[in-house]
Amino acid sequence: MTQRFDFLVVGAGMVGAAIANGLGRQGHTVALIDQAHAPEFTSDSDPDLRVSALSAGSERYLRELGAWPAIRNMRAMPYTRLAVWEGGEHPVRRLLPATFARTTFSAPDLGTSHLGHIVENQVTQKALWDLALACPAITLFEGTSVSAIVTGPEQATVTLANGTTLETRLVIGADGAQSRVRELAGIGVTRDQYAQQALVASVRYRGKVQDITWQAFHASGPRAFLPLHSATEQHPGECWASLVWYDAPDVLNRLKSLPEADFINEIHKAFPEELPKLTAVAARASFPIARQHAQRYFLDRVVLAGDSAHTINPLAGQGVNLGFQDAACLQGLLDEARRTGQDPASPDLLARYEHQRRPANRRMMLAMDLFYHLFSNRLPPLYLARNLGLGLAQGVPFARNRVARYAMGIDEGLPAPLEALLKRVPGWRTVPGQR
């Protein structure tokens with residue numbers, strides 16, 4: 001028997017599950033479809049290898065959905081400081097003061113209690129799944145995928161891999177960078193693969209929980225420290241953290257193959273002295289990184305959100321925050337369509353979504369690419385320029401803090417001079433009809 005829903009959300013990751021909950025809370029009937037089964041969590045488990053730096057804007061959105069208390073009751077580490085500096089040796093460095101090429105953002109300077117939270121992806125996802133399971137308007141189809149989408153003038157018909165047939169007025173693709181929904185809809189992508197890859201490691205260190213996350217830029221790529229929770233119950237006097245090391249694939253493959261003690265030794269040699277003394281490595285893995293953007297965000301009765309629509313360099317951990325912004329925007333427009341009696345798949349309505357989200361996502365892509373290319377170049381003029389830039393950023397706190405408030409979702413817009421600068425970059429807006 002064919003089942004009918006107001007909306008079909010394909011992909012119950014963080015972004016897809018958030019969209020489903022937002023629509024379900026407003027009384028829309030939603031089918032939430034995912035190949036995986038419900039995520040699991042136990043308080044004494046090692047941390048998930050995948051973590052995200054959730055911004056203040058994402059926290060606000062998750063509070064509105066009702067998921068934030070469950071996230072805090074599981075594990076979420078607030079951080080109040082974020083530091084960025086130039087790492088590695090360079091002849092020009094001897095010409096500059098030791099602490100010149102460094103800038104630090106702090107919550108009190110930005111007028112807030114914290115800058116964000118480092119949260120394991122499985123924690124955020126479990127909170128959103130549990131919320132969806134408790135919502136009468138949401139029906140979860142787990143352990144299956146979409147095999148076909150047929151769109152018509154009044155509805156879309158979706159066939160699942162298990163043979164189930166569903167009807168809806170709009171299919172929302174939130175099924176990741178390799179989106180099956182995007183493929184079935186016939187929406188193309190532009191993709192740029194970076195030469196570097198990223199290695200992520202869950203580690204324990206000796207000492208107290210830290211309130212700072214930092215990133216040191218090297219010519220081979222940045223190396224980052226993200227603080228997690230205390231490990232006191234199982235390992236007294238120790239805490240968990242997530243480390244990120246960007247480098248060439250062959251370098252990371254060698255690192256992954258090392259015994260634990262040798263791997264820790266390599267970490268301590270390569271990371272800044274600010275890294276606490278490591279005691280154990282629970283897990284490590286590497287993955288390729290790429291910038292990818294869908295050529296359009298909607299077609300017929302299909303619309304894309306999150307990684308299905310865009311992926312960026314994970315340099316500052318902004319990917320999921322952009323996805324939550326997509327979710328909040330789309331949810332608001334779809335709820336408005338019901339109030340006004342508009343077809344949720346109306347091209348005018350979905351064009352409003354794309355016109356709001358594409359430029360914002362594009363700005364963040366360009367900003368991350370700017371950092372990536374600027375800091376992976378050892379030419380003396382560029383080295384000096386970026387060090388001067390970091391030094392000036394520390395010395396001009398008003399401009400620095402305005403940019404930080406935007407990136408962390410506290411403010412809605414960039415400072416006017418930076419906005420004007422980005423508008424000069426070719427392709428900063430790629431929505432048809434915009435300049």
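Let me begin with a definition: a salt bridge is a side-chain nitrogen of Lys or Arg within 4 Å of a carboxyl oxygen of Asp or Glu. What you see is a predicted model, in which local features need pLDDT of at least 70 and side-chain atom pairs count only at pLDDT 80 or more, while totals for chains, interfaces and linings use all residues. Residues are numbered from 1 along each chain as its sequence is written, and side-chain values use heavy atoms, with hydrogens and water left out.

First, the overall picture. The protein chain contains 12 helices and 19 strands; these are DSSP runs numbered from the N terminus, with helices being H or I of at least four residues and strands being E of at least two. Of its 435 residues, 53% are buried. Here, buried means under 20% relative accessible area, exposed means over 50%, and partly exposed lies in between, with a 1.4 Å probe and protein chains only. Contact means heavy atoms within 4.5 Å. Among contacts between residues at least 6 apart in sequence, 73% join residues at least 24 apart.

I turn now to the salt bridges. Side chains of opposite charge can pair when their charged atoms come close.

Which residue pairs with Arg357 in a salt bridge? The partner is Asp326, at 2.6 Å from N to O. Arg357 lies in helix H9, residues 347-375, and Asp326 in helix H8, so this pair ties together parts that are 31 residues apart in sequence. Arg357 is buried, with a relative accessible area of 6%, and Asp326 is buried too, at 0%.

A further pair is found within helix H8. Arg338 and Asp335 form a salt bridge of 3.4 Å, N to O. The two residues are 3 apart in H8, about one turn of the helix. Arg338 is partly exposed at 41% relative accessible area, whereas Asp335, at 11%, counts as buried.

Is Glu59 buried or exposed? Glu59 counts as buried, at 8% relative accessibility, while Arg63 is partly exposed at 47%.

Next, helix packing. Two packed helices are described by the angle between their axes and the distance between the axes. The axes are lines fitted to C-alpha atoms, for helices over the stretch in contact, and angles run from 0 to 180 degrees between N-to-C directions.

Helix H1, residues 14-25, packs on helix H8, residues 319-340, at an angle of about 25 degrees, with their axes 9 Å apart. That makes H1 roughly parallel to H8. Angles under 35 degrees count as roughly parallel, over 145 as roughly antiparallel, 65 to 115 as roughly perpendicular, and the rest as oblique. H1 passes H8 in a right-handed crossing; a crossing is right-handed if the near helix is turned clockwise from the far one by less than a right angle, and left-handed if anticlockwise.

On the H1 side, Met14, Val15, Ala18, Ile19, Gly22 and Leu23 meet Val320, Gly323, Phe324, Ala327, Gln331 and Leu334 of H8. The residues of this contact divide into 9 nonpolar, 3 polar and no charged. For this division, Ala, Val, Leu, Ile, Met, Phe, Trp, Tyr, Cys and Pro count as nonpolar, Asp, Glu, Lys and Arg as charged, and the others, Gly among them, as polar.

H1 also packs against H2, at an angle of about 45 degrees and with the axes 10 Å apart. H1 and H2 are therefore oblique to each other, and their crossing is left-handed. Ala18, Ile19, Asn21, Gly22 and Arg25 of H1 make this contact with Tyr61, Glu64 and Leu65 of H2. The residues involved divide into 4 nonpolar, 2 polar and 2 charged.

I close with one backbone detail. Most residues other than glycine have a negative phi, and most peptide bonds are trans. Asp300, however, has a positive phi, near 55 degrees. Asp300 sits in the loop between strand S17, 298-299, and strand S18, 302-304.
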